[in-house]
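Subject: Structure for you to look at, with notes

Hello,

I am handing over the structure that we spoke about, and I would be glad if you could read the notes below with the model open beside them.

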Amino acid sequence: MTGWIDSILQGIMLGALYALFAAGLSLVFGVMRMVNVAHGDMIVLSAFVALWLQRITGVTSPFLTLILLVPLMFLGGYLLQRTILNPALGEDILRPVLITFGLSVIIQNGLLQAFTADSQKLHGGRLEVASIPLPGGLAIGTLPLLTLAVSSALIGLLQWTLYRTRLGRALRATSDDLSTAGLMGVNTPHLFAVATGIAMVTVAVAGVFTGIRASFDAVSGPDWLIFAFEAVIIGGLGSLWGTLAGGVILGMAQTIGARFSPGWQLLSGHIVFLAILILWPQGLFPRRTE
């Protein structure tokens, strides 16, 4: 029984990391109905930028790189959306998919040239091995627990922004009816760019946490993209709290599957994803429309 409880706890912690992967993807799809195929590569890019910032600034904690990384990623996301992705939006959903696929290839090859194909890792010091003891001989890692707290807080902040601020109302109005929002004076190109910039902030946080937890290389992005997609679809397209729930469900499926056999870890997560996709195509917690 202790082993099963440990698997569930570890699955929740792992799912929080997947939710961090997926938060920006869910936001962009919910606002613009755009699928960003380069999302995973952007997470890898942010991890490499954090590594570079850590080297040139000499800071010991990779979390301190977020002071520079967050505004850099926001600005990069804003400019990317304003200059390249906005002109691709329209009735044809294939155009942004193809463009972001091209961005994925460019990012991967650029990272290979700049950092080679060697695996890298952000070093978090004692945080990587610190743990909190629990009754029954169990323990929870401090870093995974911090990941859960940050993921929940970040998604909660995004949810509050969408439903309690003027910016959020404009984003939801544009998502519901783009033409009417434009007639009401909403600057949709700017609004879409801001949404992508916010999504890149979540990407920056995800890149740092992932870089501390596991090694990464220039071509890790597609693997991370799969987990992000599965978390978004399980939770419900465009639903932020659903994304957190979807990530937790995916993480628990993997850790419970690993108890039966290490080879079942990833496979069990994919099976749960496919089952939910067949039984509930809209996801478990689809986005509210009010």
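This is a predicted model: local features need pLDDT of at least 70, side-chain atom pairs count only at pLDDT 80 or more; totals for chains, interfaces and linings use all residues.

Residues are numbered from 1 along each chain as its sequence is written, and side-chain values use heavy atoms, with hydrogens and water left out.

Some terms come up throughout. Helices (H or I, at least four residues) and strands (E, at least two) are DSSP runs, numbered from the N terminus. A residue is called buried under 20% relative accessible area, exposed over 50%, and partly exposed in between, with a 1.4 Å probe and protein chains only. Contact, or touching, means heavy atoms within 4.5 Å.

Helix α5 (residues 142-164) has 23 residues and reaches 32 Å from its first C-alpha to its last, close to the 33 Å expected at 1.5 Å a residue; the expected span is 1.5 Å times one less than the number of residues. Among the buried residues of α5 are L143, P144, L154, L158 and Y163, and the cover over the buried residues of this helix includes α1, β2 (139-141), α6 (166-176), α8 (188-213) and α10.

Helix α9 has 15 residues, and its end-to-end reach of 21 Å, taken from first C-alpha to last, is close to the 21 Å expected. Its buried residues include W224, F227, E230 and V232, and the buried residues of α9 pack against α1, α2, α8, α10 and α11.

Helix α11 (residues 264-279) has 16 residues, which should span 22 Å, and its end C-alpha atoms are 22 Å apart, which agrees. In α11, S268, G269, F273 and I276 are buried. Seen down the axis of α11, these buried residues fall within an arc of 140 degrees, so they line one face of the helix; the arc is that of the directions from the helix axis to the C-beta atoms.

Q254 lies in helix α10 and is buried, with a relative accessible area of 1%. Leaving aside neighbours within four places in sequence, Q254 is in contact with L14, Y18, F227, Q265, L266, S268 and G269.

G236 follows α9 and has a positive phi, near 120 degrees. This glycine sits in the loop between α9 and α10 and counts as buried at 0% relative accessibility. Not counting residues up to four places away in sequence, G236 touches Q282, G283, L284, F285 and P286, and its C-alpha atom is separated by 9.8 Å from that of L277, which is 41 residues apart from it along the chain.

N86, in the loop between α3 (66-85) and α4 (94-115), is buried as well, with a relative accessible area of 15%. N86 and F192 are 106 residues apart in sequence, yet their C-alpha atoms are 7.6 Å apart in space. With residues up to four places away in sequence not counted, N86 touches Q81, P189 and F192.

R33, in the loop between α1 and α2 (39-57), has a positive phi near 55 degrees although it is not a glycine, and R33 is partly exposed at 40% relative accessible area. T116, in the loop between α4 and β1 (131-133), likewise has a positive phi, of about 65 degrees, without being a glycine, and T116 is partly exposed at 38%.

**Charges and surface**

Side chains of opposite charge can pair when their charged atoms come close. The structure holds one salt bridge, a term that stands for a side-chain nitrogen of Lys or Arg within 4 Å of a carboxyl oxygen of Asp or Glu. The side chains of E128 and K121 meet in it, at 2.6 Å from N to O; E128 is partly exposed at 30%, and K121 is partly exposed at 23%.

Finally, M1, W4, I5 and F260 make a nonpolar surface patch of about 490 Å². Patches are made of residues with over 30% relative accessible area and no salt bridge, where like charges are joined within 9 Å and nonpolar side chains (Val, Leu, Ile, Met, Phe, Trp, Tyr) within 5 Å; accessible areas come from the Shrake-Rupley method with a 1.4 Å probe, and for residues only the protein chains shown count as cover. M1 is in the segment before α1 (2-32) and counts as exposed at 74% relative accessibility.
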